[in-house]
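This briefing is about a predicted model.

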Amino acid sequence: MSEEQKLQEFEKRIEAGDVIEPKDWMPEKYRKQLIRMMSQHAHSEYVGMLPEGNWITRAPSLRRKMTLLAKVQDEAGHGLYIYSATETLGADRHDLIQQLLNGTAKYSSIFNYPTLTWADIGTIGWLVDGAAIVNQTMLAKCSYGPYSRAMIRICKEENFHKKQGYEIIANLANGTEAQKKMAQDSINRWWWPSLMMFGPPDKDSPNSAELMKWKVKLKSNDELRQRFVDLTVPQAKAVNLTIPDPDLKFNEKAGHWEFGEINWDEFWQVVKGYGPMNKERMKVRNDAHDNGTWVREAALAYTKKREKLN
Ligand code: FAQ
């Protein structure tokens with residue numbers, strides 16, 4: 001079969017809703033797009049541990065500390081599932097991690113903002129995990145088997161994360177004036193960066209057309225962003241907190257919440273490495289990697305010893 005015929009067969013399978021598995025023929029560009037997107041996703045889970053990890057020692061109760069520890073560990077697990085899924089496409093996770101550490105790989109812009117108060121831990125669970133769920137529920141139905149299966153489990157865990165975050169925010173919102181103020185301030189700071197998580201507007205998204213053609217993405221950046229806003233505005237109202245957007249209004253006819261202009265200059269600055277916490281995140285990630293060298297060496301020595309014995 002010629003390459004052209006193979007591509008036609010592949011696209012027919014995609015059209016029919018087939019799931020593509022690692023040993024199936026796939027166009028090189030599909031493989032490359034998946035490695036790009038999945039590795040960025042894995043890096044995001046990995047770096048995403050840092051803003052919250054910051055608060056483990058300062059959690060206000062034992063219950064909150066246990067929950068936060070479990071959540072941060074879950075994020076590490078998500079990174080590992082996705083790095084593994086990326087390896088089914090022929091990528092080597094050591095290369096990918098190296099790209100993250102030397103600053104040549106992208107990861108989600110959201111993790112370059114600081115966690116200034118305890119309320120930020122609630123807001124991250126509610127808004128950031130909430131946005132991740134909207135995006136990843138779609139990816140759980142994507143055309144690449146290992147990625148879609150990883151997403152099913154990840155979404156289940158993210159749902160727990162979202163609930164714990166919303167619970168923190170609801171408690172603060174019903175607490176003292178100072179607590180309510182802290183919750184509101186946190187939402188004011190995280191709302192717009194959360195909308196940016198969905199990526200640039202469709203008209204400026206170079207990868208979307210190809211990803212949608214091959215059913216990696218089933219919905220566009222703007223469609224998912226809108227879904228997130230529609231789901232989240234009523235949740236904010238339910239706990240009497242305000243979304244920091246004077247242009248927010250419900251369009252009865254369309255059945256959607258219309259929202260104001262996103263600051264895309266800020267988004268691109270953060271993506272290019274100039275966000276408030278980019279340098280700090282990379283330093284902490286690199287230090288953790290260096291400090292873990294002895295663990296990797298010990299694990300490798302143990303494996304080699306066992307191989308010799310067998
Ligand atoms: N940040 O053409 P598009 C989480 C880049 S996981 C940084 O629209 P695409 C869990 C994009 O890579 C959060 N860069 O790209 C958690 C591309 O650059 P490239 C991560 C961004 O791929 C919660 C360029 O801009 N989730 O939160 C961003 O079609 C709490 C042009 O953009 C995923 O990764 C951004 N926000 O759509 C963990 C989900 N947006 O590669 C801890 C999987 C775009 O051409 C605590 N990924 N860029 O140089 C996706 O769904 C997609 O990749 C999008 C971007 C929607 C993120």
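A residue counts as buried when its relative accessible area is under 20%, and as exposed when that area is over 50%. Cys-142, with a relative accessible area of 3%, is therefore buried, and Cys-155 is buried as well, because its relative accessible area is 9%.

**Cysteines**

- A disulfide requires two cysteine sulfur atoms within 2.5 Å, and by this rule the model holds zero disulfides.
- Cys-142 is in no disulfide, its nearest cysteine sulfur being that of Cys-155 at 11 Å; Cys-155 likewise is in no disulfide, with the sulfur of Cys-142 as the nearest, 11 Å away.

**Helix H8**

- Helix H8 covers residues 177-196, a run of 20 residues, and spans 30 Å from its first C-alpha to its last, which is close to the 28 Å expected at 1.5 Å a residue.
- A kink of about 35° is found in H8 at Trp-190, shortly before the proline Pro-193.
- The buried residues of H8 include Ala-183, Ile-187, Trp-190, Trp-191 and Pro-193, and among the elements that cover the buried residues of this helix are H6 (119-139), H7 (145-173), H10 (221-238) and H11 (264-274).

**Nonpolar core**

- The largest nonpolar core has 80 residues, and those with the most contacts inside it are Tyr-30, Met-38, Trp-118, Tyr-144, Tyr-147, Trp-191 and Phe-228; H6 gives the most to this core, with 10 residues.
- Leaving aside residues up to four places away in sequence, Trp-191 touches Leu-127, Phe-228, Val-229, Thr-232, Ile-243, Pro-244 and Asp-245.

Definitions and conventions. Residues numbered from 1 in each chain as written. Predicted model: local features only at pLDDT ≥ 70, side-chain atom pairs only at ≥ 80, totals over all residues. Heavy atoms only, no water. Buried < 20%, exposed > 50% of the residue type's maximum accessible area, 1.4 Å probe, protein only. Helix = DSSP H or I, 4+ residues; strand = E, 2+ residues; numbered from the N terminus. Expected span 1.5 Å × (residues − 1). Bend = angle between axes of the 7 residues up to and from the residue. Contact = heavy atoms within 4.5 Å. Core = buried A, V, L, I, M, F, W, Y, C linked by side-chain atoms within 4.5 Å.
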